[in-house]
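Have a look at it first, then follow the points below.

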Amino acid sequence: MTDRAIPPPYSPSDAGSAVAHGAAGSPPSPLVGDEREERGRRTAYECPPPHSRGGGAETAPERPPLRVRLALRDLDGVTLLALPAIVFVAALFVYPFLYGFVLSFEPKAGDWLANYRKFFSDPFLYDTIGATLWLAVPATVINVLLSVPVAMRVRYLQRRRVLTTILVVPITLGTVLIAEGLLNYLGPQGWFNRSLALVGLGPVRLVHNYTGVMLSLIMSGFPFTFLLTLSYVTGIDPSLEQAASTLGAKPRARFWHIILPLLAQGLAINLCLSFVQTFSVFPSAVLLGSPAGATRVISIAAYQAAYEQYDYSMASTVAMIMGFVQLIVVNLILSARALFYRGAVGGGKG
Amino acid sequence: MAIAARDFRELRLNGMSRSFGSVNALKGVTLNVRRGEFIALLGPSGCGKSTALNCLAGLLTLSNGSIWLDSTRIDRLKPEQRGFGMVFQNYALFPHMSVKRNIGFGLSMQGRAKADIDKRVNEALSIVRLGDQGEKLPGQLSGGQQQRVAIARAIVIEPPLVLMDEPLSNLDAKLRLEMRAEIRRIHDLIGSATIYVTHDQEEALSLADRIVVMRDGVVRQVGTPEELYARPAHADVAEFMGYRNLIRSPAWKSGNVVNVRVGGAEVQGTPVGAVVDGNAVAAIRPDDLKAGAGGSLAVTVESAQYHGRDFCCCGRAGDGSELYFCSERRVDKGESVRLAADPSRVLVYAEDVP
């Protein structure tokens, strides 16, 4: 839990190797190979070097106390502060997850894989994966793409706080309120369709179908992606863009060559978080969609298994499959990150 | 050498002003800069020198006044249309691009052919002596190396004007001296005009052909380093140029010299500007206030710091005022010392420091 790894002593000669470790995606482990020996010579309490060095062991260092040895591995009193979080995660995530995982292999009837076999042989069930992806992927992409230009515009505004507040209000409303509002506004007898009728245009069906759910996902998801993108955009040193402009880069070129590459990592994270959120869509799919048809998402299947058929084992199976699909997509996005620059987005030593 | 500044005769700043809300950061700066000239904008922080630089680069629009490059008015052009090279205080290197791509960025924005870009980038790398570092990312370089990349990136587009915003303030003392010489060498090599913002008078004195001293958004004095060092036009400029002793005193003329009262003793000084009998300010450098037997000014030593060649001391005069002076021999705390100053090195100003 504690991520307080001490970076290796920085010098131009080992800068290359340090970056190479980072680029290869391995965790930042400063104590590898010769660097470890390097530290060993500097730290008073580090274990003694191999006997081969020097030969005559006139100063046999005694074993340092346990406290010190633990501290060298970044375990000290402060580490205890991580305990509440660990307990919390274990009780509310790890345990239920493992419980559900085991439960999914204990079907009401048949062998241990019966539930999974049932899921993947019944189109009524396995089609929910496609239906959910068909909602979640476009909604996520639209939200993230939309957030970039808005964030780019908002970051230098004087009254950023006011605008940000307005944009963030939908988060506080909750999905159900948004759904109610959309039903009233966009429904067959809603203002929108009545206004259309006034100018002689036929009623448009915007709720109780795919469009309704999509609109609701964008409304409730956008503030979240926007806030994340805004924080990433404002994290980019403005002098980089100024430097690019003095070098002749027009706004478009500055965006493509400077902003976007530095934003890529943040957008990937944003995609992941936003996707996970929209993939578990439930209330708006029921309220604004057609829960038996086009917007029969995977969480509806899990709900029906659990609370309509009282088959908790099957519900767990659906939940496991749901989690697995999310994991695949998140993994795809995260591995695409490797294509882009990852590192500080500052302009130099500040 | 192929990298050379685009030709121009003169850059003219005509009443350049900029205000932020009700604050006037820049109040009518007028200045002519010739090609090949090295200008230092010198002043304390908040004096408007960085604002002036950003206005020149086009990063800030003017509230009033105009900027001309020969017969072209440029103050309404966007930064990307001006083609000036700028070196930022924090270097502003693109962290995701290799050194070579950083330097070649401006050239590729001009739509040049790749072979041409490569050739010029390599040349710029050799000018800043980073020939073998081209493939690294900026984060892998030291501060001094990053600074060189920033300079190479600014000069490779052959700008008529290179703007530098306190480029050495993030470097350690030794590297600063080294890069100072380097910056002047590169300036002479490419022949552009350079405008260099700094708050370090030593840096300005050693680098510039002309120094522009600014205070509160106003140009206080423009002159060669020698002029500014020997004869600051105003008391506040003197203060900034190392005249550490500023003594408020009544003054009365006698012929070509002015008599002032310093530390309880009468001292002769040279008037700068119109000095009438009455209140004045005398400015004396510590190194012009010498400890010696024949001095008329008696002080008691309060502290002394050894600076290698001599001791920089602080003494308290009979009237209680503090005076900074230099001594070639060791003086001890509490010791009585007599000080003398050459009348030509005691500058007397009518006005006070604002």
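1. A word on terms before we start: a helix axis here is a line fitted to C-alpha atoms over the stretch in contact, and angles run from 0 to 180 degrees between N-to-C directions. Please keep in mind as you read that this is a predicted model.

2. Let's begin with a pair of helices in chain A. Helix H5 (residues 114-121) and helix H15 (residues 312-336) have axes that come within 9 Å and cross at roughly 65°. Angles of 65 to 115 degrees count as roughly perpendicular, so H5(A) is roughly perpendicular to H15(A). The crossing of these two helices is right-handed.

3. Which residues make this meeting of H5(A) and H15(A)? From H5(A) come A:Asn115, A:Tyr116 and A:Phe119, and they meet A:Ser313, A:Met314, A:Thr317, A:Val318 and A:Ile321 of H15(A). Sorted by class, the residues of this contact are five nonpolar, three polar and no charged.

4. On the chain B side, take B:Leu41 as your guide. Leaving out residues up to four places away in sequence, B:Leu41 touches B:Lys49, B:Ala52, B:Leu53, B:Ile195, B:Tyr196, B:Val197, B:Val212 and B:Met214.

5. Back in chain A, helix H10 also holds A:Met214. Is A:Met214 buried or exposed? There are 22 other C-beta atoms within 10 Å of A:Met214, and 20 or more make a residue buried, so A:Met214 is buried. Not counting residues up to four places away in sequence, A:Met214 touches A:Leu135 and A:Ala139. A:Pro138 lies 76 residues from A:Met214 along the chain, yet their C-alpha atoms are separated by 8.5 Å.

6. Finally, please look at where the two chains meet. Here 29 residues of chain A are in contact with 29 residues of chain B. On the chain A side, the elements giving two or more residues are helix H1 (12-23), helix H11 (238-246) and helix H12 (251-279). H11(A) gives the most, with seven residues. By class, this side of chain A has 15 nonpolar, eleven polar and three charged residues.

Definitions and conventions. Residues are numbered from 1 along each chain as its sequence is written. Chains are lettered from A and ligands numbered from 1 in the order in which they are written. This is a predicted model: local features need pLDDT of at least 70, side-chain atom pairs count only at pLDDT 80 or more; totals for chains, interfaces and linings use all residues. Helices (H or I, at least four residues) and strands (E, at least two) are DSSP runs, numbered from the N terminus. Angles under 35 degrees count as roughly parallel, over 145 as roughly antiparallel, 65 to 115 as roughly perpendicular and the rest as oblique. A crossing is left-handed if the near helix is turned anticlockwise from the far one by less than a right angle, and right-handed if clockwise. Two residues are in contact if their C-beta atoms, placed from the backbone, lie within 7 Å. Ala, Val, Leu, Ile, Met, Phe, Trp, Tyr, Cys and Pro count as nonpolar, Asp, Glu, Lys and Arg as charged, and the others, Gly among them, as polar. A residue is buried if 20 or more other C-beta atoms lie within 10 Å of its own, exposed if 12 or fewer, and partly exposed in between; C-beta atoms are placed from the backbone.
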